[in-house]
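Reader: Please take one part of this model and look at it closely. Then tell me how that part sits in the rest of the structure.

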Amino acid sequence: MMDSHTQLANRYFGYLAKRFPVLSASDEFHFLPRSQEAINFYDCMESLSASSIEDSVSVVKSFQQEFRTLAGQEADSEKQTDFKLMDANATGVLLELEKHQTWRHNPLLYLKIAFIGLDHAITKPFDRPQERTERIHARLDAIPRLLQKGTENIDGVPESYHRAAVAMLKDCQSYLNVVREVLPDVRGGRFDNYEQAVLSAVD
C-alpha cells in the first residue's frame, strides 16, 4: 500500500498529466516535468483558455501549500526533500502560467502542443490499431480548438516569435500531408474534414 507521501506525488503529477497531456509527455517544455501518467491521455490535448489556466493556477497553488505544510511536519529527511522538490516544481509551473505567460505571447507554444501531440498519438505504443486511429482522430479534432484559443489569448507577438511561427506553419502543413500519405487507417472523408479544419486554423 502506498504511503501518503507517494499518494500525494501521484495525485500532483497525475493532475498535471491530465490537465497538460502533451506538455507532460514531452521533454520540450522545461516548466513541466515529464509524467508517466501522460500515457493515459494520448487521445487528449490541452485546453488553454484563460479560465482553464486560472483554474490550473488555483489547483497547483493548493498542491504547493500542501507540499510546504507537509515538508514542515515531516521528520524523514528524504521525504522532506521530496516535498521541497515538488514545491520547487510547482513554483516553476506557477511562474510560467502567472508571470512569464508564454501562452499570452508565443504562438509557437500552440503549434508545438498541436503537432507534438499529434506525433505522440501516431508514434507512441498502442495495444490495438483501432486505439491509435481513435487517438489520432481525437487529437486532430482538438487542434483547431487549441489554435483558436491561441488567437484569443495572444495579445502581442515579438517579431522573432512571429517569424518562427510562420516558418513552423509550413512544417506543420507538410507534416499533415505526410500523415495523409503514410497512415491509410486515418484517410478518407473523416480525416479530410479534420485536415481542412486544421489548415484553416493555421492559415
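Author: Start with Y175. Y175 is partly exposed, at a relative accessible area of 23%. By the scale used here, buried means under 20% relative accessible area, exposed means over 50%, and partly exposed falls in between (1.4 Å probe, protein chains only). This is a predicted model, where local features need pLDDT of at least 70 and side-chain atom pairs count only at pLDDT 80 or more, while totals for chains, interfaces and linings use all residues. Residues are numbered from 1 along each chain as its sequence is written, and side-chain values use heavy atoms, leaving out hydrogens and water.

What does Y175 pair with? The whole structure holds six aromatic pairs. Two rings of Phe, Tyr or Trp (its six-membered ring) pair if their centres lie within 6.5 Å; planes under 30 degrees apart are stacked, over 60 edge-to-face, and the rest tilted. F115 and Y175 have ring centres 6.4 Å apart and planes at 85°, so this pair is edge-to-face. F115 belongs to helix 5 and Y175 to helix 7, so the pair ties together parts 60 residues apart in sequence. F115 is buried, with a relative accessible area of 9%. Helices here are DSSP runs of H or I with at least four residues, strands are E runs of at least two, and both are numbered from the N terminus.

Y12, F13, Y15, F63 and F67 are linked by ring pairs into a cluster. R19 lies over the face of F20, 4.7 Å from the ring centre. That label needs NZ of Lys or CZ of Arg within 6 Å of the ring centre and within 35 degrees of the ring normal.

Now the whole. The protein has eight helices and zero strands. Buried residues are 43% of its 203 residues. Contact means heavy atoms within 4.5 Å. Of the contacts with a separation of 6 or more, 69% join residues 24 or more positions apart.

Next, the core. In soluble globular proteins, nonpolar side chains tend to be buried together. A nonpolar core is a set of buried Ala, Val, Leu, Ile, Met, Phe, Trp, Tyr and Cys residues joined through side-chain atoms within 4.5 Å. The largest one has 47 residues, and L23, L48, F67, L109, I113 and L118 touch the most other members. At least two residues of this core come from each of helix 1 (4–19), helix 2 (50–73), helix 3 (77–100), helix 5 (107–123), helix 6 (129–153) and helix 7 (159–182). Helix 5 gives the most, 11 residues. Another core, of five residues, lies apart from this one; A17, A25, A38 and F41 are among them.

I113 shows the packing. Leaving out residues up to four places away in sequence, I113 touches V22, L23, F29, M45, E46, L48 and L146.

P21 sits in the loop between helix 1 and helix 2. At 1% relative accessibility, P21 is buried. The C-alpha atoms of P21 and F41 are 5.8 Å apart, though 20 residues separate them along the chain. With residues up to four places away not counted, P21 touches L16, A38, F41, C44, M45, E46 and R139.

Helix 6 comes next. Its 25 residues should span 36 Å at 1.5 Å a residue, and the end C-alpha atoms are 36 Å apart, which agrees. The expected span is 1.5 Å times one less than the number of residues. A kink of about 30° lies at I143, shortly before the proline P144. The bend at a residue is the angle between axes fitted to the seven residues ending there and the seven starting there. N153 is also in helix 6. N153 is buried, at 4% relative accessible area. Residues up to four places away aside, N153 touches L48, S49, A50, W103, R104 and Y110.

Helix 3 bends as well. A kink of about 25° is centred on L94. The buried residues of helix 3 include F83, M86, A90, V93, L94 and L97. Helix 1, helix 2 and helix 4 (102–105) are among the elements that cover the buried residues of helix 3. Phi of Q101 is near 50°, positive in a residue other than glycine. At 26% relative accessibility, Q101 is partly exposed.
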